Amino acid sequence: MQHWLPKHAVSRLVGKFAAARAGWFTQLFIRWFIRQYKIDMSEAIHEDPKAYKTFNEFFTRYLKPELRPLKATDDKQFAHPVDGAISQLGDIEEGRVFQAKGHDYSLTELLGGDPRDAHAFRDGDFATIYLAPKDYHRIHMPCDGVLKKMIYVPGDLYSVNPLTVANVPNLFARNERVVAIFEADFGQFAMVLVGATIVASIGTVWSETVTPPRGSDVHTWEYPTAGDQALRLKKGEEMGHFKLGSTVILVFPDDVIDFADELKPGTVTRMGTVLGERDD
């Protein structure tokens with residue numbers, strides 16, 4: 001059905017509703033959503049659904065900071081960037097990233113099509129984390145980094161739920177996405193924010209909303225990595241958000257990260273806990 005669904009049109013329609021101040025109807029939908037997905041509102045800074053004038057305000061709600069403390073405090077530790085669940089993680093093999101049994105995809109395609117951006121990660125490591133509708137949808141830094149480049153990649157808007165990931169080839173390199181490449185003391189790393197059906201928008205803290213509007217061309221923005229204009233983000237700081245859920249893919253060079261032993265597909269993640277440690 002997803003092959004035939006007008007996914008962009010549906011997503012634009014949902015996005016307009018999510019941004020609208022629709023009064024009682026917005027409140028009714030928020031309360032339905034809370035019941036449907038069993039959302040624990042006691043974690044939110046504003047627990048009362050009436051505090052949210054639009055569905056987007058509710059969906060991107062902030063959590064009480066004491067509930068997501070940064071536990072990966074050692075300089076050699078990487079932090080989970082989001083609340084979600086591990087979809088896959090492991091080695092990138094000759095520029096191919098594992099998606100699901102029988103499916104992998106091109107790292108170069110994932111990062112927007114320029115082989116120079118993918119070169120540093122050709123035999124590196126990746127982690128794919130799925131955010132369900134019930135999850136906290138703000139995205140944080142896994143380690144300190146200086147923004148080097150952002151790439152908007154147009155594409156499809158297939159669902160990224162586990163069933164679709166298992167059955168749609170090349171899914172993450174087909175869907176619309178925003179790629180952020182950072183410089184760190186160990187080299188570069190990338191964070192890929194993948195769009196999906198009814199994702200109303202993807203935003204970053206330095207550019208606000210990146211999508212929509214959507215287009216048919218890849219767009220690239222480069223940023224200074226030194227001097228007063230450089231954007232430096234610390235481990236645990238917010239770097240972006242989804243308005244309606246999706247997936248984050250982390251990409252590291254070879255010999256940089258050893259993922260925590262307990263991590264495997266299906267493992268629940270909590271922002272700020274230990275993703276892995278430096279491989280040195």
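Two strands count as paired if DSSP finds at least two bridges between them. The legends below apply that rule to a predicted model.

**Figure 1. A bridge joins Ile 257 to strand 18.** The bridge partner of Ile 257 in strand 18 is Arg 278. Strand 18 covers residues 274-278. Strand 16 pairs with strand 18 in the antiparallel sense. Three bridges make up that pairing.

Figure 2. The order of the strands is 1-18-16. Their pairing is antiparallel. Which strands sit at the edges? They are strand 1, residues 77-79, and strand 16, residues 257-259. Each edge strand pairs on one side only. From one strand to the next, the twist averages 35 degrees.

**Figure 3. The second largest pocket is lined by 13 residues.** The space in this pocket is about 230 Å³. Which lining residues are the closest to its centre? They are Asp 75, Cys 143, Asp 144, Asp 185 and Arg 278. Two elements give two or more residues each to the lining: strand 1 and strand 8. Strand 8 covers residues 177-184. Two names return here from the earlier views.

**Figure 4. Met 271 lies in a loop.** The loop runs between strand 17, residues 268-269, and strand 18. Is Met 271 buried or exposed? Its relative accessibility is 9%. Buried means under 20%, so Met 271 counts as buried.

Figure 5. Ile 139 and Met 271 are 132 residues apart in sequence. In space, their C-alpha atoms are 8.3 Å apart.

**Figure 6. The whole chain holds seven helices and 18 strands.** The chain has 280 residues, and 52% of them are buried. Its accessible surface comes to about 13300 Å². Carbon and sulfur atoms account for 52% of that surface. How many of the contacts join residues at least 24 apart in sequence? Among contacts between residues at least 6 apart, the share is 75%.

Definitions and conventions
Residues numbered from 1 in each chain as written. Predicted model: local features only at pLDDT ≥ 70, side-chain atom pairs only at ≥ 80, totals over all residues. Heavy atoms only, no water. Helix = DSSP H or I, 4+ residues; strand = E, 2+ residues; numbered from the N terminus. Axes fitted to C-alpha atoms, helices over the stretch in contact; angles between N-to-C directions. Buried < 20%, exposed > 50% of the residue type's maximum accessible area, 1.4 Å probe, protein only. Contact = heavy atoms within 4.5 Å. Areas by Shrake-Rupley, 256 points an atom, 1.4 Å probe, with all protein chains shown as cover. 1 Å grid on protein atoms, 1.4 Å probe; cavity = no way out; pocket = protein on both sides within 12 Å on 5 of 7 lines; lining within 4 Å. Points joined across faces, edges and corners; volume = space filled by probe spheres on them.
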